[in-house]
Amino acid sequence: GARLSPLDPRRQAQARHGRRRRRQLYLADSFAGIPMPRTARAKAIDTTAEWEGPYRYIVGLEAAKSTLRRYGMLDERVTFVEGYFNETLGDMPAEALALIHVDADAYDSVHDALVGAYDRLSPGGHVVIDDWHLPGVRAAVHDFRAARYATGAAPPLLPVPVDHVTSCAPQWGTPQALTIHRLSVAWWTKG
């Protein structure tokens, strides 16, 4: 399923004709910022350990709810899964997922999200990984896929065209300046 804005003509037509699918949204986040690297692999490769203050991206649960409410998307279909992925995703009530969108910036977080959610992804479901320009993110995805598909062919890992998605990162020391990374999102479809 695609996220549709409240004013999207497809959403309006679906609502008029009663064909709107009632999907559940599981929003998993620590709501406490990016955790420090935990594993030896993360400590060796992850640059997020050097990030301080606002660069740890601490956004509370109430701010997340406020954003969903502002877009008319906060309702009974939204389940918040609060905590670090390695501690919470194993107990997440979802049985089948259509989409896993990981925007976690750090090796351990990305790897933990994939380990905790991928087995629930339906065949034909999509995995979208933000922050592909970060070395810890790329390493986590490659490590996960190498372990998962060690005996078979992995589905192709594809870039999202730059004209579809851009990612901005604050320049260190000058939060007003933004850098746009040309390849910031990658994805694949589960076979």
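Analyst: Helices are DSSP runs of H or I with at least four residues, strands are DSSP runs of E with at least two, and both are numbered from the N terminus. The model is a predicted one, in which local features need pLDDT of at least 70 and side-chain atom pairs count only at pLDDT 80 or more, whereas totals for chains, interfaces and linings use all residues. Residues are numbered from 1 along each chain as its sequence is written, and side-chain values use heavy atoms, with hydrogens and water left out.

User: In what order do the helices and strands of the chain run from the N terminus on?

Analyst: The chain contains six helices and eight strands. From the N terminus on, their order is α-β-α-α-β-α-β-α-β-α-β-β-β-β.

User: What share of the residues of the chain counts as buried?

Analyst: A residue is buried under 20% relative accessible area, exposed over 50% and partly exposed in between, with a 1.4 Å probe and protein chains only. The chain exposes about 11300 Å², of which carbon and sulfur atoms supply 55%; such areas come from the Shrake-Rupley method with a 1.4 Å probe, and for residues only the protein chains shown count as cover. Of the 191 residues, the buried share is 36%.

User: Which residue of β4 stands opposite V102?

Analyst: Strands β3 and β4 run parallel and are joined by five bridges. The residue of β4 that stands opposite V102 is I129.

User: How many of the 11 residues of α5 are buried?

Analyst: The buried residues of α5 are Y107, D108, S109, V110, D112, A113, L114 and A117. What covers them includes α2, α4, β3, β4, α6 and β8. Helix α5 is therefore largely enclosed by the rest of the structure, the number of its buried residues being eight.

User: Which residues does A117 contact, leaving aside its neighbours within four places in sequence?

Analyst: A117 has its place in helix α5 and is buried, with a relative accessible area of 5%. Its C-alpha atom is separated by 9.8 Å from that of L99, which lies 18 residues away along the chain. Contact means heavy atoms within 4.5 Å, and the contacts of A117 are with L97 and I100.

User: Which residues have the most contacts inside the largest nonpolar core?

Analyst: A nonpolar core is a set of buried Ala, Val, Leu, Ile, Met, Phe, Trp, Tyr and Cys residues joined through side-chain atoms within 4.5 Å. The largest one has 33 residues, and those with the most contacts inside it are V110, L114, Y118, I129 and W188.

User: Which elements each supply at least two residues of this core?

Analyst: In soluble globular proteins, nonpolar side chains tend to be buried together. The elements that each supply at least two residues of this core are β3, α5, β4, α6 and β8.

User: How far apart are the end C-alpha atoms of helix α6?

Analyst: The expected span of a helix is 1.5 Å times one less than its number of residues. The 14 residues of α6 (135–148) should therefore span 20 Å, and the distance between its end C-alpha atoms agrees, at 20 Å.

User: Which elements do the buried residues of α6 pack against?

Analyst: The buried residues of α6 are G136, V137, A139, A140, V141, F144 and R145. They pack against α2, α5, β4 and β8.

User: Which residues does A106 touch, not counting residues up to four places away in sequence?

Analyst: A106 is found in the loop between β3 and α5 and counts as buried, at 2% relative accessibility. The residues that A106 touches are I34, D46, T48 and V137.

User: What is the relative accessible area of D131?

Analyst: D131 is found in the loop between β4 and α6. Phi of D131 is near 65°, a positive value in a residue other than glycine. D131 is buried, with a relative accessible area of 9%.

Notes
Pairing = 2+ DSSP bridges.
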